Amino acid sequence: MNTLKALFTKHKEIILYLIVGVLTTIVCWLTYAVLRLILDVENPFLMQLAVVIRWIAGVSFAYVMNRIFVFESRDPHILAEAVKFTSARITTLLIEMFLMWLLTMLLPPKVFGIQNDWIATFACAVIVTILNYVFSKLLVFRKKPS
């Protein structure tokens with residue numbers, strides 16, 4: 001038990017980031033699933049609109065969770081921090097939008113019986129999660145030297 005506690009303590013930030021990332025992904029995917037019921041995602045414009053809306057839901061959730069639980073930010077300049085966070089996420093949104101377009105155009109409509117937009121969504125989630133951690137760690141929640 002002490003070994004697990006020591007392991008958690010040593011890698012707390014990464015573990016919490018991954019947990020928050022999974023929760024953020026669930027928020028995004030549930031949002032996208034609802035939007036698929038409302039919008040015709042076979043229409044490229046409406047698919048991109050669904051991606052943007054799911055992004056807004058995810059970024060809002062992720063900022064609060066990362067600030068409080070992962071990076072334990074005490075920065076009093078919350079607005080500036082939120083702008084940096086949002087700017088970094090806009091960068092990964094553009095990457096995700098490009099990848100969603102590219103993957104849905106390259107993949108056949110169904111792969112192993114799964115709609116290609118879901119496969120593209122999963123692939124994008126992995127890439128974007130890694131990029132978001134790097135941006136958050138190095139640009140947004142960077143610890144100031146004491």
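Visitor: At what angle do α2 and α5 pack, and how far apart are their axes?

Guide: Two packed helices are described by the angle between their axes and the distance between the axes. This is a predicted model, in which local features need pLDDT of at least 70 and side-chain atom pairs count only at pLDDT 80 or more, while totals for chains, interfaces and linings use all residues. Residues are numbered from 1 along each chain as its sequence is written, and side-chain values use heavy atoms, with hydrogens and water left out. Here α2 and α5 pack at an angle of about 140 degrees, with their axes 11 Å apart; the axes are lines fitted to C-alpha atoms, for helices over the stretch in contact, and angles run from 0 to 180 degrees between N-to-C directions. That makes α2 oblique to α5, where angles under 35 degrees count as roughly parallel, over 145 as roughly antiparallel, 65 to 115 as roughly perpendicular and the rest as oblique.

Visitor: Which residues of α2 and α5 make the contact?

Guide: Contact means heavy atoms within 4.5 Å. Among the residues that make it are Tyr 17, Trp 29 and Tyr 32 of α2, and Trp 118, Phe 122 and Tyr 133 of α5.

Visitor: How many aromatic pairs does the structure hold?

Guide: A pair of aromatic rings is described by the distance of the centres and the angle of the planes. The structure holds 11 aromatic pairs, and rings of Phe, Tyr and Trp (its six-membered ring) pair if their centres lie within 6.5 Å, with planes under 30 degrees apart counted as stacked, over 60 as edge-to-face and the rest as tilted. The rings of Trp 29 and Trp 118 have centres 6.3 Å apart and planes at 75 degrees, so this pair is edge-to-face. Because Trp 29 lies in helix α2 (residues 12-38) and Trp 118 in helix α5 (residues 116-140), the pair ties together parts that are 89 residues apart in sequence; helices (H or I, at least four residues) are DSSP runs, numbered from the N terminus.

Visitor: Which residues do ring pairs link into a cluster?

Guide: The cluster is formed by Tyr 17, Tyr 63, Phe 71, Phe 85, Tyr 133 and Phe 141.

Key
Helices (H or I, at least four residues) and strands (E, at least two) are DSSP runs, numbered from the N terminus.
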